[in-house]
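Subject: Structure for you to look at

Hello,

Here is the structure I said I would pass on. Please open it next to this message and follow along; my notes come after it.

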Amino acid sequence: MTEHNFPQGVKLGVDVGMVRVGLAVCDPDGILATPVKTLSRDLKKNSDVKVVVKEAAARGAVQIFVGLPRTLKGEEKASAEMARSYADVLVSFLANAELDVPVFLIDERLTTVSAHQALHQAGMSSRDHRKVVDQVAAVEILQHAIDMQKARNATVGQAVRTIEPSVVGTAGASEHEEDPTISTQNAVSEESSQAL
């Protein structure tokens with residue numbers, strides 16, 4: 001029996017867009033990612049984030065991967081900032097729901113383009129792509145993450161963490177001394193970022 005250096009179990013994949021959010025899930029053995037649903041992005045009430053948290057709780061998720069769109073040169077633009085912001089909100093909502101499910105940002109270059117191509121090859125009209133393209137992109141994000149984990153036998157992606165507010169006058173080390181992976185609100189584990 002092989003020991004894994006990453007958690008085994010159900011994982012979720014999330015593709016964040018301006019208008020829609022795609023959600024995917026993998027089986028407990030981490031073999032195959034499948035689509036779950038497309039959610040409307042709700043910037044005011046975050047109802048879409050609440051649905052992702054409910055899905056994570058109901059399915060007993062052990063990890064969530066949020067796609068981080070980068071340019072072909074690896075640069076981050078507005079869409080990447082939107083994904084980072086979404087991941088921050090998701091971590092906060094998971095914490096409020098008392099769910100200890102780590103969230104990771106995973107490079108998703110060209111997943112939406114690839115999703116459109118796959119739908120076209122499957123014979124779906126371009127007009128109907130909008131209904132499911134975000135789910136297909138979420139499947140690709142998640143499948144990429146679980147395949148990389150198996151290949152490297154390690155957790156992949158950039159860990160998203162919230163910084164606990166410190167109380168003035170308390171003894172002890174600052175958050176930077178105790179845990180070198182926490183350096184910003186979107187803290188990134190150096191090992192994880194090198195895995196991308």
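One cut-off first: a residue counts as buried when its relative accessible area is under 20%, and as exposed when that area is over 50%, with partly exposed in between. Gln 135 has a relative accessible area of 14%, so it is buried. This residue lies in helix 4. Beyond its neighbours within four places in sequence, Gln 135 is in contact with Gly 22, Leu 23, Ala 24, Pro 35, Val 36, Lys 37 and Thr 38.

Please keep in mind that this is a predicted model. The mean pLDDT of the protein is 78, and 70% of the residues reach 70 or more. Confidence is highest in helix 1 (residues 47-59), at a mean of 98, and lowest in helix 5 (residues 175-178), at 30. Over residues 166-196 the pLDDT stays under 50, and for this stretch the model has 42 contacts beyond four places in sequence.

The overall make-up

The protein has six helices and six strands. Starting at the N terminus, the order of the elements is β-β-β-α-β-α-β-α-α-β-α-α. The protein has 196 residues, and 42% of them count as buried. Among contacts with a separation of 6 or more, 66% are between residues 24 or more positions apart. The exposed surface comes to about 10900 Å², of which carbon and sulfur atoms supply 53%.

In what order do the strands of the open sheet lie? The order is 3-2-1-4-5-6, and the pairing is mixed. Strand 3 and strand 6 are the edge strands, since each pairs on one side only. From one strand to the next, the twist averages 30°.

Strands of a sheet pair through backbone hydrogen bonds, and they do so either parallel or antiparallel. Strand 1 and strand 2 are an antiparallel pair with five bridges, and a hairpin of three residues joins them. Val 14 has Leu 23 in strand 2 as its bridge partner. Strand 2 also pairs with strand 3, again in the antiparallel sense, over seven bridges. Here Ala 24 stands opposite Pro 35 in strand 3. The hairpin of strand 2 and strand 3 has six residues between the strands, and in it Gly 30 takes a positive phi near 65°. Six of the seven residues of strand 2 are buried, so this strand is largely enclosed by the rest of the structure.

Elsewhere in the sheet, strand 5 (residues 103-107) and strand 6 run antiparallel and are joined by three bridges. The bridge partner of Phe 104 in strand 6 is Ala 159.

Two helices pack on the sheet. Helix 1 touches strand 1 (11-16), strand 2 (20-26), strand 3 and strand 4 (63-68), and its direction makes about 150° with that of strand 3. Helix 2 (residues 78-96) touches strand 1, strand 2, strand 4, strand 5 and strand 6, and its direction makes about 160° with that of strand 4.

The nonpolar cores

How many residues does the largest nonpolar core have? There are 27, and those with the most contacts inside this core are Val 14, Ile 64, Val 66, Leu 90 and Val 103. Strand 1, strand 2, helix 1, strand 4, helix 2 and strand 5 each give two or more residues to this core. Helix 2 gives the most, with seven residues. As for Val 66, leaving out residues up to four places away in sequence, it touches Val 14, Val 16, Ala 83, Ala 87, Leu 90, Val 103, Phe 104, Leu 105 and Ile 106. Another core, of 15 residues, lies apart from the largest one, and Ala 24, Ala 33, Val 139 and Ala 159 are among its members.

Two asparagines

Phi of Asn 46 is near 55°, a positive value in a residue other than glycine. Asn 46 lies in the loop between strand 3 (33-40) and helix 1. With a relative accessible area of 13%, Asn 46 is buried.

Phi of Asn 153 is also positive, near 50°. This residue lies in the loop between helix 4 (126-152) and strand 6 (158-160). Is Asn 153 buried or partly exposed? Its relative accessible area is 26%, so it is partly exposed.

Regards

How values were computed:
Residues are numbered from 1 along each chain as its sequence is written. This is a predicted model: local features need pLDDT of at least 70, side-chain atom pairs count only at pLDDT 80 or more; totals for chains, interfaces and linings use all residues. Side-chain values use heavy atoms; hydrogens and water are left out. pLDDT is the predictor's confidence in each residue, from 0 to 100. Helices (H or I, at least four residues) and strands (E, at least two) are DSSP runs, numbered from the N terminus. Contact means heavy atoms within 4.5 Å. Buried means under 20% relative accessible area, exposed over 50%, partly exposed in between (1.4 Å probe, protein chains only). Two strands pair if DSSP finds at least two bridges between them. Axes are lines fitted to C-alpha atoms, for helices over the stretch in contact, and angles run from 0 to 180 degrees between N-to-C directions. A nonpolar core is a set of buried Ala, Val, Leu, Ile, Met, Phe, Trp, Tyr and Cys residues joined through side-chain atoms within 4.5 Å. Accessible areas come from the Shrake-Rupley method with a 1.4 Å probe; for residues, only the protein chains shown count as cover.
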